[in-house]
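Welcome! Please take a moment with the sequence and the 3D view below, and then we can walk through the structure together.

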Amino acid sequence: MSEKTFGKTLSRRSFLKESSAAAVGVAGISVIGAPAILSGQNVNSRINLGFLGTGSRACEMLTAISGQTEKLVTDLCDIYPPHLAEAVKLCGNTKVRTYEHWEKVLEQKDVDAVVVATPLFLHVPMSVAGLEAGKHVLSEKSMGLNMKHLNQMLAAVQSHPDKVYLVGYQGRLAESLKMVKDLVAEGSLGRITQFYVHFDRNQSWKRDDLPAEWERVLNWRLYKEYCGGLLTEVVTHEIDAVREVLGIMPVNASFYGKVQIYKDGRDSHDSIVGAWEMEDGVLGVGTAHLSNASNGSGWKLLGTHGTVESNGGTVKIYWEKEARHLDSVGIQHKFTTIKLGQSLKESENPNNTPAKVITFEIDNDYDLSTAREFRHFYDCILNGTKPVMDATSCRDTSIAAFMAYASTLEGGRQVSRAEVEAAG
Ligand SMILES: NC(=O)c1ccc[n+]([C@@H]2O[C@H](COP(=O)([O-])OP(=O)(O)OC[C@H]3O[C@@H](n4cnc5c(N)ncnc54)[C@H](O)[C@@H]3O)[C@@H](O)[C@H]2O)c1
């Protein structure tokens, strides 16, 4: 186990304080420069990939991209030998190079791009080093552990405009999300006043029966030192989707967190609940827990004319029975046509058709959506284009999560965006 990477402890009240060392926030880039792959590192048009961290997500990725001929997995690195061995089996390259030390992967001249799939606290150190070593980087979500990390990452991305940096919010590429974005932009749901993001599971999140020296390494999600628990690990996907649709940021957050069920030594909460006050007067509720799976995971937008609910790739749209506000909005969309001044009640009687249910198979399939994420990464590398999950917008999603997380660490105190950003 690496002492360098698994060491320092972040105390309960020190989240904001710990994040206050450096301020290097800068604007994101809009166009990526010439891809390295075309400028010489690898003269083939194939992308050589190295993986930093080969735990469960990396193994899912290796399975999902196994049929992609655009890439070759040349290098794998993990400090836990069983995970490395599993990845070797899945990577599809009998000559794959393996390492314990991630820096070795970056030293390989023929590696074009690296995938960072380690615990959150390592994302930024590895991603920054990756860019500095001349590699394109696909980092798992979320972006970083604290504001200092986010600012370091953004600065590194800006200093390497010829490299692609993409954060693994694969949900942003979903067909369903694009449809909802259109519906909202066209005014189909009226004015959005509230949203609800949630992650509900009934599982401990703990890997049991580990030798003591591996407990914190492999149960990193349970400790503040390594991540922000439910908010940075899972609710972040749902926050990201809502932010992508609405294009707004929180102004304030008040959240509570508790270890309610799993009193096994963890210091990350197994239950959180709270609210964000957003720009444009929108209010949003966030909940997550590890003790009840009935709601699944997803998000919901509530507008004056209707509601849209998303779980995986399935979207449900409900119209309000009493909406009478359409004198100023005419709406035409492939799933709804409403004329100026027309009541939604007449065209979409909720008693007859309680919800429109639209399922997008590709979004529902974890492997397919992961494969799509990698294709987007390759496209950006080969065409020199900006990823949909770019540094600036992914930094904003992290800030929204940090605001809620910081509040949970201080018993629900209202935490402002300005305060969190100033801590960087
Ligand atoms: N986008 C998604 O849908 C999705 C889904 C699951 C996980 N994730 C993200 O993927 C990342 C990894 O999650 P996971 O479930 O695979 O966790 P995991 O614990 O299964 O894997 C992490 C791996 O990193 C290794 N590691 C730790 N320190 C290392 C170091 N210094 N050098 C090399 N390897 C090191 C560990 O040994 C482990 O094998 C997390 O950031 C998580 O949030 C994303």
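Let's begin with helix H5, which spans residues 123-132: seven of its ten residues are buried, so this helix is largely enclosed by the rest of the structure. Keep in mind along the way that you are looking at a predicted model. The buried residues of H5 are His 123, Val 124, Met 126, Ser 127, Val 128, Gly 130 and Leu 131. Their packing partners include strand S1 (47-52), strand S4 (113-116) and strand S5 (136-139), along with helix H4 (102-107) and helix H6 (147-159). Strand S6 (165-167) is also one of the elements they pack against. Just after H5, you will find Gly 134 with a positive phi of about 85°.

Now turn to the ligand. Its shell draws residues from both domain 1 (16-170 + 368-390) and domain 2 (175-312 + 314-359), so the ligand lies between them. Of the 27 residues around the ligand, Gly 53, Gly 55, Arg 57, Tyr 80 and Glu 140 come nearest. By type, the shell holds twelve nonpolar, ten polar and five charged residues. Helix H2 (56-64) and helix H8 (212-218) each contribute at least two residues to this shell, and H2 gives the largest share, with three.

Our last stop is Thr 236, which sits in helix H9 (residues 229-246). Is Thr 236 buried or exposed? A residue needs 20 or more C-beta neighbours within 10 Å to be called buried, and Thr 236 has 27 inside that distance, so it counts as buried. Leaving aside residues up to four places away in sequence, Thr 236 touches Lys 141, Ser 142, Leu 231, Thr 397 and Ala 401. Phe 199 is 37 residues from Thr 236 along the chain, and their C-alpha atoms are separated by 9.6 Å.

Terms used:
Residues are numbered from 1 along each chain as its sequence is written. This is a predicted model: local features need pLDDT of at least 70, side-chain atom pairs count only at pLDDT 80 or more; totals for chains, interfaces and linings use all residues. A residue is near a molecule or strand if its C-beta atom, placed from the backbone, lies within 6 Å of it. Helices (H or I, at least four residues) and strands (E, at least two) are DSSP runs, numbered from the N terminus. Ala, Val, Leu, Ile, Met, Phe, Trp, Tyr, Cys and Pro count as nonpolar, Asp, Glu, Lys and Arg as charged, and the others, Gly among them, as polar. Domain bounds come from an automatic or database domain assignment. A residue is buried if 20 or more other C-beta atoms lie within 10 Å of its own, exposed if 12 or fewer, and partly exposed in between; C-beta atoms are placed from the backbone. Two residues are in contact if their C-beta atoms, placed from the backbone, lie within 7 Å.
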